[in-house]
Amino acid sequence: MVTKFHEFPDGAALAEGLADTVASALEAAITERGAATIAVSGGSTPKQFFRALSGKTIDWSKVTITLVDERFVPADNPRSNHLLVSENLLQGPAAKARFLPLYQNSADAEEAARAVTQKVAALGAPFDVVILGMGNDGHTASFFPAGNHLAAALAADTPRGVITMEAEGAGETRLTLTFSSLQDARLLVLHIEGQAKKATLEKALAAGDENEMPVRAVFRRASTPVDVYWAP
Ligand SMILES: O=C1O[C@H](COP(=O)(O)O)[C@@H](O)[C@H](O)[C@H]1O
(Lines give C-alpha, C1' and ligand atoms only; values in the text may rest on other atoms or scores of the structure.)
Protein backbone atom coordinates (compact mmCIF):
# COMPACT_ATOMS: atom_id res chain seq x y z
CA MET A 1 0.00 0.00 0.00
CA VAL A 2 1.27 3.49 -0.87
CA THR A 3 0.85 5.81 2.10
CA LYS A 4 1.63 8.95 0.23
CA PHE A 5 2.97 9.95 -3.18
CA HIS A 6 5.45 12.81 -2.63
CA GLU A 7 6.00 14.66 -5.90
CA PHE A 8 8.83 17.20 -6.42
CA PRO A 9 9.55 19.54 -9.34
CA ASP A 10 13.03 18.08 -9.94
CA GLY A 11 15.69 15.74 -8.57
CA ALA A 12 17.38 18.46 -6.51
CA ALA A 13 14.15 19.34 -4.66
CA LEU A 14 13.41 15.65 -4.13
CA ALA A 15 16.92 15.05 -2.74
CA GLU A 16 16.51 17.88 -0.22
CA GLY A 17 12.96 16.92 0.76
CA LEU A 18 13.81 13.26 1.25
CA ALA A 19 17.03 14.11 3.11
CA ASP A 20 15.04 16.30 5.54
CA THR A 21 12.53 13.51 6.18
CA VAL A 22 15.24 10.87 6.67
CA ALA A 23 17.34 13.11 8.92
CA SER A 24 14.26 13.73 11.12
CA ALA A 25 13.57 9.99 11.31
CA LEU A 26 17.17 9.23 12.29
CA GLU A 27 17.14 12.02 14.87
CA ALA A 28 13.90 10.68 16.37
CA ALA A 29 15.41 7.18 16.60
CA ILE A 30 18.48 8.55 18.39
CA THR A 31 16.28 10.44 20.84
CA GLU A 32 14.05 7.42 21.50
CA ARG A 33 16.55 4.54 21.42
CA GLY A 34 20.03 6.12 21.53
CA ALA A 35 21.01 4.93 18.04
CA ALA A 36 19.65 4.75 14.51
CA THR A 37 19.88 2.35 11.56
CA ILE A 38 19.31 2.97 7.87
CA ALA A 39 19.57 0.68 4.82
CA VAL A 40 20.01 2.44 1.48
CA SER A 41 19.87 1.31 -2.13
CA GLY A 42 22.42 1.68 -4.90
CA GLY A 43 21.96 2.34 -8.59
CA SER A 44 21.96 5.63 -10.44
CA THR A 45 19.06 7.33 -8.59
CA PRO A 46 20.28 8.02 -5.02
CA LYS A 47 23.48 10.04 -5.61
CA GLN A 48 21.90 13.52 -5.15
CA PHE A 49 19.91 12.34 -2.15
CA PHE A 50 23.06 10.88 -0.54
CA ARG A 51 24.86 14.20 -0.97
CA ALA A 52 21.96 16.13 0.56
CA LEU A 53 21.67 13.70 3.49
CA SER A 54 25.42 13.72 4.19
CA GLY A 55 25.25 17.43 5.04
CA LYS A 56 22.50 17.14 7.64
CA THR A 57 23.69 17.96 11.14
CA ILE A 58 22.49 15.02 13.22
CA ASP A 59 24.62 12.93 15.59
CA TRP A 60 26.02 10.68 12.88
CA SER A 61 28.27 8.88 15.38
CA LYS A 62 25.08 7.12 16.57
CA VAL A 63 23.96 6.08 13.07
CA THR A 64 24.71 2.79 11.32
CA ILE A 65 24.30 2.76 7.55
CA THR A 66 24.05 -0.44 5.55
CA LEU A 67 22.87 -1.43 2.09
CA VAL A 68 19.60 -2.90 0.90
CA ASP A 69 21.57 -4.83 -1.72
CA GLU A 70 25.03 -5.12 -3.20
CA ARG A 71 26.93 -6.78 -6.02
CA PHE A 72 29.37 -9.48 -4.91
CA VAL A 73 32.31 -7.23 -5.74
CA PRO A 74 34.86 -5.51 -3.47
CA ALA A 75 34.49 -1.86 -2.51
CA ASP A 76 36.97 -0.61 -5.12
CA ASN A 77 34.89 -1.99 -7.99
CA PRO A 78 33.16 0.87 -9.88
CA ARG A 79 29.87 -1.10 -9.75
CA SER A 80 30.01 -1.45 -5.95
CA ASN A 81 27.17 0.18 -4.00
CA HIS A 82 29.64 0.51 -1.11
CA LEU A 83 31.79 2.75 -3.32
CA LEU A 84 28.74 4.88 -4.22
CA VAL A 85 27.91 5.32 -0.54
CA SER A 86 31.54 6.07 0.41
CA GLU A 87 31.87 8.75 -2.24
CA ASN A 88 28.48 10.41 -1.75
CA LEU A 89 27.02 9.67 1.69
CA LEU A 90 29.95 9.00 4.04
CA GLN A 91 31.16 12.55 3.55
CA GLY A 92 31.06 15.75 5.62
CA PRO A 93 29.09 15.36 8.89
CA ALA A 94 27.94 11.86 7.83
CA ALA A 95 31.55 10.61 7.68
CA LYS A 96 31.14 9.92 11.42
CA ALA A 97 28.51 7.23 10.75
CA ARG A 98 29.36 3.54 10.98
CA PHE A 99 29.00 1.68 7.68
CA LEU A 100 28.23 -2.04 7.51
CA PRO A 101 29.05 -3.40 4.03
CA LEU A 102 27.13 -6.38 2.66
CA TYR A 103 30.12 -7.56 0.64
CA GLN A 104 32.48 -9.70 2.73
CA ASN A 105 35.88 -10.95 1.65
CA SER A 106 34.63 -14.55 1.70
CA ALA A 107 35.33 -17.54 -0.52
CA ASP A 108 31.99 -17.09 -2.28
CA ALA A 109 28.75 -15.13 -2.13
CA GLU A 110 26.91 -17.80 -0.09
CA GLU A 111 29.53 -17.63 2.63
CA ALA A 112 29.43 -13.82 2.52
CA ALA A 113 25.63 -13.87 2.91
CA ARG A 114 25.89 -16.10 5.98
CA ALA A 115 28.61 -13.93 7.54
CA VAL A 116 26.87 -10.63 6.95
CA THR A 117 23.50 -11.98 8.12
CA GLN A 118 24.99 -12.26 11.61
CA LYS A 119 26.34 -8.72 11.45
CA VAL A 120 22.99 -7.33 10.29
CA ALA A 121 21.20 -9.20 13.11
CA ALA A 122 23.46 -7.44 15.61
CA LEU A 123 22.00 -4.09 14.47
CA GLY A 124 18.60 -5.07 15.90
CA ALA A 125 15.27 -4.83 14.14
CA PRO A 126 13.39 -3.25 12.58
CA PHE A 127 15.47 -0.73 10.62
CA ASP A 128 14.60 2.85 11.44
CA VAL A 129 14.76 3.79 7.77
CA VAL A 130 14.83 1.76 4.53
CA ILE A 131 15.23 3.50 1.17
CA LEU A 132 14.30 1.27 -1.75
CA GLY A 133 14.89 1.89 -5.44
CA MET A 134 13.11 0.25 -8.35
CA GLY A 135 14.25 -0.90 -11.78
CA ASN A 136 12.07 -0.62 -14.85
CA ASP A 137 11.71 -4.41 -14.77
CA GLY A 138 9.87 -4.06 -11.44
CA HIS A 139 12.75 -5.24 -9.26
CA THR A 140 13.50 -3.66 -5.93
CA ALA A 141 16.46 -4.51 -3.68
CA SER A 142 17.87 -7.49 -5.65
CA PHE A 143 14.46 -9.12 -5.97
CA PHE A 144 14.77 -9.68 -9.72
CA PRO A 145 12.03 -11.27 -11.84
CA ALA A 146 13.12 -14.90 -12.42
CA GLY A 147 15.94 -14.53 -9.87
CA ASN A 148 17.23 -17.90 -8.70
CA HIS A 149 16.32 -17.24 -5.06
CA LEU A 150 13.34 -14.93 -5.63
CA ALA A 151 10.80 -17.15 -3.86
CA ALA A 152 12.96 -17.35 -0.74
CA ALA A 153 13.77 -13.64 -0.84
CA LEU A 154 10.08 -12.70 -0.93
CA ALA A 155 8.67 -15.33 1.42
CA ALA A 156 7.24 -13.79 4.58
CA ASP A 157 8.63 -16.69 6.64
CA THR A 158 12.21 -16.41 5.35
CA PRO A 159 14.16 -15.05 8.33
CA ARG A 160 15.64 -11.59 8.39
CA GLY A 161 19.07 -11.52 6.81
CA VAL A 162 20.99 -11.48 3.56
CA ILE A 163 20.68 -13.99 0.73
CA THR A 164 22.27 -14.30 -2.69
CA MET A 165 20.53 -13.67 -6.00
CA GLU A 166 21.46 -14.39 -9.59
CA ALA A 167 19.31 -13.24 -12.49
CA GLU A 168 19.59 -12.30 -16.12
CA GLY A 169 20.16 -8.57 -16.27
CA ALA A 170 21.53 -8.40 -12.72
CA GLY A 171 25.16 -8.72 -13.80
CA GLU A 172 27.21 -9.98 -10.88
CA THR A 173 25.81 -12.26 -8.18
CA ARG A 174 23.92 -10.06 -5.72
CA LEU A 175 23.66 -9.96 -1.95
CA THR A 176 20.27 -8.69 -0.81
CA LEU A 177 18.39 -8.14 2.41
CA THR A 178 15.30 -10.34 2.47
CA PHE A 179 11.74 -9.00 2.28
CA SER A 180 11.28 -9.83 5.97
CA SER A 181 14.24 -7.58 6.86
CA LEU A 182 12.88 -4.59 4.96
CA GLN A 183 9.10 -4.70 5.22
CA ASP A 184 8.69 -3.39 8.76
CA ALA A 185 11.11 -0.44 8.69
CA ARG A 186 9.83 2.44 10.77
CA LEU A 187 10.10 4.60 7.66
CA LEU A 188 9.85 2.71 4.34
CA VAL A 189 10.54 4.81 1.24
CA LEU A 190 10.55 4.03 -2.48
CA HIS A 191 12.72 6.63 -4.22
CA ILE A 192 12.21 6.82 -7.99
CA GLU A 193 12.78 9.44 -10.67
CA GLY A 194 11.63 9.96 -14.26
CA GLN A 195 8.50 9.27 -16.31
CA ALA A 196 9.51 5.70 -17.11
CA LYS A 197 9.72 4.81 -13.41
CA LYS A 198 6.33 6.47 -12.80
CA ALA A 199 4.84 4.27 -15.51
CA THR A 200 6.53 1.24 -13.93
CA LEU A 201 5.07 2.26 -10.56
CA GLU A 202 1.56 2.48 -12.01
CA LYS A 203 1.96 -0.97 -13.55
CA ALA A 204 3.27 -2.38 -10.27
CA LEU A 205 0.29 -0.96 -8.37
CA ALA A 206 -2.16 -2.63 -10.76
CA ALA A 207 -3.23 -6.27 -10.58
CA GLY A 208 -0.65 -8.85 -11.61
CA ASP A 209 1.81 -11.47 -10.47
CA GLU A 210 4.26 -10.53 -7.73
CA ASN A 211 6.95 -12.67 -9.35
CA GLU A 212 6.74 -10.63 -12.56
CA MET A 213 7.22 -7.36 -10.68
CA PRO A 214 8.70 -8.21 -7.27
CA VAL A 215 8.27 -4.64 -6.00
CA ARG A 216 4.58 -5.59 -5.73
CA ALA A 217 5.46 -7.66 -2.66
CA VAL A 218 6.44 -4.45 -0.88
CA PHE A 219 3.26 -2.58 -1.85
CA ARG A 220 1.00 -5.51 -1.03
CA ARG A 221 2.56 -7.17 1.98
CA ALA A 222 4.89 -4.79 3.83
CA SER A 223 3.56 -4.07 7.30
CA THR A 224 4.79 -0.48 6.96
CA PRO A 225 3.00 1.42 4.18
CA VAL A 226 5.37 2.76 1.52
CA ASP A 227 6.09 6.47 1.06
CA VAL A 228 6.88 7.04 -2.63
CA TYR A 229 9.24 9.95 -3.47
CA TRP A 230 9.22 10.93 -7.14
CA ALA A 231 10.45 13.71 -9.43
CA PRO A 232 10.25 13.86 -13.23
O1 LIG B 1 20.21 -2.97 -9.45
C2 LIG B 1 19.80 -2.06 -8.77
O3 LIG B 1 18.85 -1.25 -9.30
C4 LIG B 1 17.91 -0.58 -8.47
C5 LIG B 1 17.47 0.65 -9.23
O6 LIG B 1 18.60 1.30 -9.77
P7 LIG B 1 18.54 2.63 -10.65
O8 LIG B 1 19.89 2.70 -11.32
O9 LIG B 1 17.43 2.48 -11.65
O10 LIG B 1 18.31 3.75 -9.70
C11 LIG B 1 18.49 -0.23 -7.11
O12 LIG B 1 17.47 0.17 -6.25
C13 LIG B 1 19.23 -1.41 -6.51
O14 LIG B 1 19.78 -1.10 -5.23
C15 LIG B 1 20.34 -1.77 -7.43
O16 LIG B 1 21.11 -2.83 -6.91
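Author: Before we start, a helix axis here is a line fitted to C-alpha atoms over the stretch in contact, and angles run from 0 to 180 degrees between N-to-C directions. Helices (H or I, at least four residues) and strands (E, at least two) are DSSP runs, numbered from the N terminus. The model is a predicted one, in which local features need pLDDT of at least 70 and side-chain atom pairs count only at pLDDT 80 or more, while totals for chains, interfaces and linings use all residues. Residues are numbered from 1 along each chain as its sequence is written.

Reader: At what angle do the axes of α2 and α3 cross?

Author: The axes of α2 (residues 47-54) and α3 (residues 81-88) cross at roughly 45° and come within 9 Å. That makes α2 oblique to α3; angles under 35 degrees count as roughly parallel, over 145 as roughly antiparallel, 65 to 115 as roughly perpendicular and the rest as oblique.

Reader: Is that crossing of α2 and α3 left-handed or right-handed?

Author: The crossing of α2 and α3 is right-handed, a term used if the near helix is turned clockwise from the far one by less than a right angle, with left-handed used if anticlockwise.

Reader: And which residues of α2 and α3 meet?

Author: From α2, Lys47, Phe50, Arg51 and Ser54 meet Leu84, Val85 and Asn88 of α3. Two residues are in contact if their C-beta atoms, placed from the backbone, lie within 7 Å. The residues of this contact divide into three nonpolar, two polar and two charged. Here Ala, Val, Leu, Ile, Met, Phe, Trp, Tyr, Cys and Pro count as nonpolar, Asp, Glu, Lys and Arg as charged, and the others, Gly among them, as polar.

Reader: How do the axes of α1 and α2 cross?

Author: The axes of α1 (residues 11-33) and α2 cross at roughly 50° and come within 8 Å. That makes α1 oblique to α2, and the crossing is right-handed. Among the residues making the contact are Ala15, Leu18 and Val22 of α1, together with Phe49 and Leu53 of α2. By class, this contact has nine nonpolar, two polar and one charged residues.

Reader: Which residues of α1 are buried?

Author: They are Leu14, Ala15, Leu18, Val22, Ala23, Leu26 and Ala29. A residue is buried if 20 or more other C-beta atoms lie within 10 Å of its own, exposed if 12 or fewer, and partly exposed in between. What covers the buried residues of α1 includes α2, β2 (36-40) and β3 (63-67). Just after α1, Gly34 takes a positive phi of about 85°.

Reader: Which peptide bond is cis, then?

Author: The peptide bond from Ala125 to Pro126 is cis, with omega near -5°. Pro126 sits in the loop between α4 (109-121) and β6 (129-132).
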